[in-house]
Amino acid sequence: MSAVALAISKNEKDNIACFHLGEKGTGCSCVVNGAPISGFCGFQGELGFIPFYGQKTSRDLILKEPQNIDMEEFVGKMLISMITVVNPKCIILYLPGNEWKLDFNKYCSKFIPVEVLPEFIFSDSYDKDYFDGVKMTGTSLIFQAMNRLSF
């Protein structure tokens, strides 16, 4: 998912995050000061492992009990987690369908100050953004390798 955030990032000072809700659960990626973050072993962004309601994780809920979830609360809590940890300027939301386009500013402002809220941008171009990010990463790696090989 870091490839998605990298494709969206426009410059080396960007602080953005992406949130994805797909068939396998939730995930996020972040670019901080223009660089994607991944943690020490690449586990960054695995929001599906966040405990939600007792012993259930957010992944358990969204995959096994979606009919019992208040979607505004579910996604809102994920976004608040991202905002408080990364403090992005904007969050790109990849959500399945128009019924998910909720007012997350309103929900999140119940818990955190309005002046720290990022811009929420809804997008339906996850696949394109992902492949653009993979191309950018691959191209960057090729140029880095070429620079190390001084002819």
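The following paragraphs describe the fold of the protein chain and then a patch on its surface.

The model is predicted, so local features need pLDDT of at least 70 and side-chain atom pairs count only at pLDDT 80 or more, while totals for chains, interfaces and linings use all residues. Residues are numbered from 1 along each chain as its sequence is written, and side-chain values use heavy atoms, with hydrogens and water left out.

The protein chain has five helices and five strands. These elements are DSSP runs numbered from the N terminus, with helices (H or I) of at least four residues and strands (E) of at least two. Read from the N terminus, their order is α-β-β-β-α-α-β-α-β-α.

The C-alpha trace spans about 60 × 35 × 30 Å along its principal axes. For 151 residues, a compact globule would have a radius of gyration near 15 Å, and the 17 Å of the protein chain agrees with this; the radius is taken over C-alpha atoms, and the globule rule is 2.2 Å times the number of residues to the power 0.38. Of the 151 residues, 39% are buried, where buried means under 20% relative accessible area, exposed over 50%, and partly exposed in between (1.4 Å probe, protein chains only).

On the surface, Tyr130, Phe131 and Val134 form a nonpolar patch with about 270 Å² of accessible area together. Areas come from the Shrake-Rupley method with a 1.4 Å probe; for residues, only the protein chains shown count as cover. Val134 lies in helix 5 (residues 126–148) and is partly exposed, with a relative accessible area of 38%.

Note on methods:
Patches are made of residues with over 30% relative accessible area and no salt bridge: like charges are joined within 9 Å, nonpolar side chains (Val, Leu, Ile, Met, Phe, Trp, Tyr) within 5 Å. A salt bridge is a side-chain nitrogen of Lys or Arg within 4 Å of a carboxyl oxygen of Asp or Glu.
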